[in-house]
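The points follow the structure itself.

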Amino acid sequence: MKESLGVYDYWAYDQRPKITWPGGAKVAFWVAPNIEYYELDPPQNPSRKPWPHPHPSVPGFSIRDYGNRVGHQRQLRLLDKYGVRGSVSLSTALCEHHPEIIQMCRERDWEFFSHGIYNTRYTYGLSEAQERAMIRDSMETIHRHTGQACAGYLAPALSHSEHTLDLFAEVGEELFGERGGLYTCDLFHDDQPTPVRVRSGKRFISLPYSLEMNDTIVYAVNKVEPRQYATMLKRHFDRLYQEGAESGTVMCIPTHNYQVSCPHRIKAFEEALEYITGHSDVWVATGREIAEYYRAHHFDAALESMQAQAATAPGES
Amino acid sequence: MALDNDYLNYPLRRYGYDHDRYDWSMLDERAPVTWPGGKRLAVWINVSLQFYPLDQRGVPFKVPNGMTMPYPDLRHFSLRDYGNRVGIYRVLKALEKYGITPTYAINAQLAEQTPYLVKRLQEHGGEFIAHGWNMDHLHYGGQPIEEEAELVARSVDTLRRVTGQTIRGWLSPAKHQSFNTPDLLVKNGIEYCADWVNDELPYAFKTASGALTMMGLSTEIEDQFVMSQNLHSEDAWVAQVKDAFDFLLEESRTAGGRLFALNLHPWLVGQPHRIACLEEVLAHIARHEEVWQAPAGEILDAFKAARASDDKGTR
């Protein structure tokens, strides 16, 4: 085990090169619906139980299934209404289980990125070759069912190894060259995209995804009231919008159809969407669009700035 | 030492589900339903009446809201018992005031031990559904099938004997099941089950012994989930229940009939400082003309009748 993963260096949110977004936008805004499949009776993993109780864990399984049966189309309608194309964090086995959902998203030109095969199969304990095979399977599955070169990764159930980011970037390059394996959603260290070091040397970035704004963390872990979630989302946006006048920021709302689309919560989500998309100078984009723009326009300047900051010696005042 | 390669094999990665219990279907893709009288939103008010034993075994886990302190945990035992002595009578008054005909999910052991309570519930009116034996007799994967079969039969038979009603519905304690539970329910003459909260309308559930209808009783807006698990305030609970109701009513105007299912626990919502919140919720529901309020079994019957007339229409 390492004391620190070492894929990025200290780089202060201070005196960074200015980020500009298309059209002079202050905030790049994206919504990442997690469309997931949890198995009813998955195999055990030595490091993490897939369900808290003996299988079948009906309460947990059934509410997640609710997300696919009922919640998905509610969120779809809402994102349509506010002109947002989702960037789907996808349990890729869902392509086989529920192709109708994939089709609905394809019709709207949504992005799909990999969230593993199932949210009940973890990275823990996989050899490097096994993890590579799992990641490859997930990216090939997306390509087979949607034609898309998968650009992003959020490890299944946020289960990682030391090599997760390296492997994703490598498999993306093998399969799709410069079109695939561009960004990770697994790091929560910044409000702007940042270059991330992978062993292949690929121009790879971390894209702000946010656990703090993630509906499952908000509702199921932090037990926040729905209307307070709307307040949190608006405050989060307000500050990023304000700071975005100086240098562009990124705001993501990661959602789950079994949380945000429930009848007692969807109004709060709509309130935030209406508020955010009602502002001028907001670039409503997908994960890939933000990542590609950043790589093309800001990646090199960021590397230079990181090196300059790293070379700074404490001085006398 | 890596995991066995089997960990990356997915024999059930296929169309539909990784199980055969019911068919994959999205709510929006189904034919719209209309409730009796042309109403838009069916309302199922469920009152859960529960016995939490003092000598809790916690097999295979300690049920939420059960005993947490070393034996004898009198605080939790008596606080839950409060619901059956005091809280329920406050809840019944509130239901009466707003003309609600509830569904009572009652632990069979409680029904057997409190004939006065059962009589008062009968006088108020409503449907009884089985709620297992008590809150410390869970149904779970790995439970010997003989043990569970006896538990289901004892629960259903006792409730039928004590109430004199045909018991058609079932709610498992903590909504927890084994892989055998649905089959055992059908074997005991149960028509519908409230455990799987994966839909907002009834749907067909397959068992080895024949068809069962699943009619989920929402967990997300029930009093104990919001106020006892999530620790939200009473006011926040009222807001969430009203928001859910308003949303479903609105959706029902364009998408077809919807079902609003609210589960209540007298030990929680029957407290003096909470009962007014329940009254506020019931007042909100009762004032809408488009609402059809009925016991769960009647809602199921109406749903089946509506589907049957759809089938005739398409022939």
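1. In helix α4 of chain B, the buried residues (20 or more other C-beta atoms within 10 Å of their own, the C-beta atoms being placed from the backbone) are B:E148, B:V152, B:S155, B:V156 and B:L159. Because they cover an arc of only 85 degrees around the axis, they lie on the same side of α4(B), the arc being that of the directions from the helix axis to the C-beta atoms. On the other side, B:E146, B:E147 and B:R161 are exposed, that is, with 12 or fewer such neighbours.

2. This is a predicted model, in which local features need pLDDT of at least 70 and side-chain atom pairs count only at pLDDT 80 or more, while totals for chains, interfaces and linings use all residues. Residues are numbered from 1 along each chain as its sequence is written, and chains are lettered from A and ligands numbered from 1 in the order in which they are written.

3. Helix α4(B) runs over residues 145-163 and reaches 27 Å from its first C-alpha to its last, close to the 27 Å expected (1.5 Å times one less than its number of residues). B:G164, with a positive phi near 70 degrees, follows α4(B). The cover over the buried residues of α4(B) includes β2 (103-106), α2 (108-113), β3 (127-130) and α5 (181-187) of chain B; helices (H or I, at least four residues) and strands (E, at least two) are DSSP runs, numbered from the N terminus.

4. Between the chains, 38 residues of chain A are in contact with 46 residues of chain B, contact meaning C-beta atoms, placed from the backbone, within 7 Å. The largest share of the chain A side, nine residues, comes from α1(A).

Conventions: Two residues are in contact if their C-beta atoms, placed from the backbone, lie within 7 Å.
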